[in-house]
Amino acid sequence: MSRASIVIVGGGISALAAAWELTGGANGPDDATPRIEVIEASERVGGSLATTTFAGRTIDLGADGFLARRPEAVALVNELGIEDQLEAIAESGAWLWSRGKLHELPKGLVLGVPTTLESITHFRGVSWRAHLAARRDALAPARLRVGDDVTIGEITRAKLGRELSYQFIEPMIGGIQAGRIDDLSAKSVFPALYAAAQRGGSLMQALRPPSSPDVIDATPVFYSLQDGVGSLPNHLATKLKERGVVIRTGVPVTALRRTPAGSYPLEVDTFATTTPANGVILATPATMTAALIGSYDPALDALSRIDSAGAAMVTFSAARASVTLPVRGTGILVPLGTSWAGEGSMMVTAVTFVDRKWPRLRLDEDVLLRAHVGRSDDSRWSELNDDELIGRVTDELAVLLPTWGSPRESLVQRWPLGLPQYRVGHERLVEQARVASSHYAVTLAGNPYDGVGVPASIGSGRRAARDVMRLISAIV
């Protein structure tokens with residue numbers, strides 16, 4: 001019997017992780033390993049994971065770290081044999097711009113939600129009404145009936161009030177997802193919050209992690225890589241090629257066709273080629289996936305409803321003597337709708353002190369920081385050219401930071417597709433699409449489905465690989 005053929009459409013970290021799993025993962029390929037072809041429309045692999053040279057160092061253009069206490073990314077790094085590249089985050093904590101000044105965020109938060117009354121009692125960045133709402137949740141919590149899925153905002157507003165929801169909690173959750181808490185599914189984005197709301201009683205108490213005074217976890221919260229997280233796809237692609245995986249870049253896929261009368265059940269078309277396949281992994285944006293296979297089943301066409309929020313990042317190098325940062329922490333969060341003396345509300349949603357997070361990037365002569373702009377309902381950044389965006393962000397940083405001089409260098413990175421928005425019903429939509437795609441030996445991978453972080457994307461790809469092997473084995 002001829003070797004099975006699997007085509008992976010897309011070349012981001014999920015796609016490459018799928019190829020790694022298909023070639024045996026840590027164990028490597030064997031006689032049963034299928035022929036694997038990765039087809040990527042852009043000129044490089046990695047998707048939003050990429051690096052560039054800026055101000056004398058290599059920096060990430062996308063995610064600059066990943067959760068260390070989730071296993072997927074760390075396991076992959078170890079399997080690739082590059083564990084010596086791991087770099088632990090050097091700082092923790094953050095600040096919130098509120099009521100015209102910076103306030104250090106208290107400890108004991110879970111994705112921005114306080115878990116004890118004490119964690120919010122002495123925080124001066126919110127009004128007495130917000131403190132009263134927190135006290136009410138601790139002592140006389142509001143009742144909330146939670147159905148199959150609700151927005152994050154529905155839970156936090158009912159339990160902790162509007163001010164804590166929008167001025168304290170949303171800046172963190174929204175920053176991770178580039179969305180609004182009144183749009184995002186609690187079940188898919190923040191399952192711990194959904195479970196806590198289902199249990200009833202105090203939301204803060206239900207979210208509180210169990211105390212283990214005798215157990216000390218020395219694992220850092222985040223890791224990066226010495227050459228940047230954006231180097232991970234390149235390490236992976238190099239190993240995959242050594243294993244015989246065909247990786248084609250700059251080649252858009254134009255169609256995925258069923259061929260029930262042929263030797264292979266599927267054919268993947270580009271403008272110039274056709275690749276037969278026993279199974280296909282689609283690691284593409286949900287709208288692209290719907291365009292390719294939406295005609296197969298209404299549940300697959302429904303993937304077109306998973307929209308994305310675009311965003312941009314502006315990175316600056318400024319003389320260290322000209323900048324004053326908060327005494328500790330890795331950055332600043334800015335609530336949406338924050339007023340200032342300039343036009344409209346503030347565009348900056350967060351500021352990251354990049355060289356404080358990652359020691360490899362620290363130089364004596366300058367400070368490296370990054371401003372983030374854009375949310376699901378704020379695309380003002382897309383209407384400005386790079387110079388205009390740099391000017392606008394520079395003006396806002398002069399308000400947010402104690403001292404901010406003229407930057408030496410600046411760099412704009414735009415991500416028009418940004419992050420997929422997990423709206424209410426997302427979990428069910430994805431489950432139905434996966435059931436439908438399985439009938440055609442097609443599996444789905446990537447951040448439209450299983451989470452937006454690097455570990456989640458890696459896990460999604462590896463899951464899709466195992467699923468497609470199971471599907472083609474059942475067909476054979």
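This is a predicted model: local features need pLDDT of at least 70, side-chain atom pairs count only at pLDDT 80 or more; totals for chains, interfaces and linings use all residues.

Visitor: At what angle do helix H1 and helix H15 pack?

Guide: Two packed helices are described by the angle between their axes and the distance between the axes. Helices here are DSSP runs of H or I with at least four residues, strands are E runs of at least two, and both are numbered from the N terminus. Axes are lines fitted to C-alpha atoms, for helices over the stretch in contact, and angles run from 0 to 180 degrees between N-to-C directions. H1 (residues 13-22) and H15 (residues 454-475) pack at about 45°, with axes 7 Å apart. H1 and H15 are therefore oblique to each other. Angles under 35 degrees count as roughly parallel, over 145 as roughly antiparallel, 65 to 115 as roughly perpendicular, and the rest as oblique.

Visitor: Which residues of H1 make the contact?

Guide: Contact means heavy atoms within 4.5 Å. From H1 come Ile 13, Ser 14, Ala 17, Ala 18, Trp 20, Glu 21 and Leu 22. Their partners in H15 include Gly 461, Ala 465 and Met 469.

Visitor: Is H1 enclosed or open?

Guide: Buried means under 20% relative accessible area, exposed over 50%, and partly exposed in between (1.4 Å probe, protein chains only). Nine of the ten residues of H1 are buried, so H1 is largely enclosed by the rest of the structure. Trp 20 is one of those buried residues.

Visitor: How many residues does the largest nonpolar core have?

Guide: In soluble globular proteins, nonpolar side chains tend to be buried together. A nonpolar core is a set of buried Ala, Val, Leu, Ile, Met, Phe, Trp, Tyr and Cys residues joined through side-chain atoms within 4.5 Å. The largest one has 42 residues. Ile 8, Phe 66, Leu 232 and Ile 281 have the most contacts inside it. H1 supplies the largest share of this core, eight residues. Ile 281 touches Ala 18 and Leu 22, among others. A second, separate core of 36 residues includes Leu 184 and Phe 190.

Visitor: Where do helix H5 and helix H7 meet?

Guide: Ile 152, Ile 155 and Thr 156 in H5 meet Leu 193, Tyr 194 and Ala 197 in H7. The two helices pack at about 50°, with axes 10 Å apart. That makes H5 oblique to H7.

Terms used:
Residues are numbered from 1 along each chain as its sequence is written. Side-chain values use heavy atoms; hydrogens and water are left out. Lists of a residue's contacts leave out its neighbours within four places in sequence.
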